[in-house]
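I opened the notebook on a structure I had not looked at before. The entries follow in the order of looking.

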Amino acid sequence: MSVSPDALLAILAMAAATVACRLAGLVLPARLATTGRLGRAFEAMPVAILSAIVAPLLLTHGPADALAGLVVVGASLRLPLTAVILLGIAAAAGFRALF
Amino acid sequence: MTPSPQTAWADFRAGVFTTLPAILAAVPFALLLGALSQGKGLTVAEIGLMSALVFAGASQFVALDIWGAPPVWWLLGLTALVVNLRHALMSLSLVRHLGGFPKALRPLALLFMVDEVWAFAEARAAKQPLTPAFYAGMVVFFYLSWVLATMAGAVAGSLLREPESLGLDFAFLAIFVFLILGFRARPGFGVTLAASAGTAVLVHLLLPGAWSIMAGAVAGMAAAAFGPGRGS
């Protein structure tokens with residue numbers, strides 16, 4: 001149970017970079033983000049970010065992941081979250097075993 | 001508008017239950033992260049400290065990939081910056097919903113903002129005001145389980161070699177897809193989704209790495225701002 005100076009420095013550099021990203025929102029003037037085009041851009045932010053995370057993972061990792069993605073999309077339209085997660089895991093494990 | 005203790009407690013519990021599935025999905029990856037760290041020459045204390053101070057799974061896995069002997073601090077810092085740049089966007093978005101938080105708590109809340117916490121917070125804020133108690137409920141066990149499971153994985157070594165073959169990574173995808181579709185009644189949803197997903201896939205194919213997220217997100221926001229749909 002020890003921490004070397006080199007490792008500590010590296011971990012602190014990673015932490016500083018991550019903290020800077022997470023605190024970035026604090027520089028935003030509160031009023032700026034509610035009106036006009038900019039307001040619409042901010043309204044769209046959650047969907048825009050999540051889609052950008054998910055799409056490459058679902059669409060560029062082969063047929064198994066794409067099919068499991070379809071299952072998840074269909075399930076999300078009618079089932080509660082826990083069921084969607086379990087179905088997603090099962091579908092991914094199953095399709096990956098097949099392909 | 002100080003909430004009653006009962007409301008705060010109910011909010012806290014709601015927060016805990018909201019992230020519970022995500023915690024269960026994250027623990028195997030924390031165990032794996034800890035196990036992998038042992039092949040890279042990190043001590044249990046070092047990988048535990050990394051989980052406690054960085055608390056960002058994707059960037060920690062990437063860090064292990066490039067962890068050398070000795071580790072190059074500026075390379076690790078720069079890589080963490082690139083991989084976690086999406087948090088800057090999430091932070092910009094989340095700040096709009098922290099109006100009900102005491103000013104001093106806002107930076108604290110943002111420090112614990114991982115992808116899942118952010119996504120659940122946005123989904124909650126779309127329906128009702130976000131409270132510090134709910135946010136704390138989402139974060140407390142998520143954080144503790146991440147740090148402790150990382151260390152447990154480092155101690156226990158290689159228990160879980162490939163969570164992917166069990167489909168466990170799909171838990172996160174399922175959560176994100178579910179939350180995306182939760183916004184589907186919003187005007188401009190389809191345009192944003194198409195622009196973001198299309199751009200992200202394209203950039204991912206041209207330039208593997210973390211840039212596809214930023215490019216897709218910006219494209220989705222631009223499409224919402226300038227695209228067809230509502231008049232302003």
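Predicted model: local features only at pLDDT ≥ 70, side-chain atom pairs only at ≥ 80, totals over all residues.

Residues are numbered from 1 along each chain as its sequence is written, and side-chain values use heavy atoms, without hydrogens and water.

Next I looked up the secondary structure, in which helices (H or I, at least four residues) and strands (E, at least two) are DSSP runs numbered from the N terminus. Chain B has eleven helices and zero strands.

I then checked burial, meaning under 20% relative accessible area with a 1.4 Å probe, protein chains only. Buried residues are 50% of the 232 in chain B. The C-alpha atoms of chain B fill a box of roughly 55 × 50 × 35 Å along the principal axes.

I turned to the interface. There, 87 residues of chain B are in contact with 65 residues of chain A. B:R96, B:F170 and B:F178 lose the most area to chain A on the chain B side, together 10% of what that side buries; buried area is the accessible area (1.4 Å probe) that two parts lose on being put together, summed over both.

Last came salt bridges (a side-chain nitrogen of Lys or Arg within 4 Å of a carboxyl oxygen of Asp or Glu). I found three across this interface. B:R96 forms one with A:E43, with the closest N and O atoms 3.6 Å apart.

Terms used: Chains lettered and ligands numbered in written order. Contact = heavy atoms within 4.5 Å.
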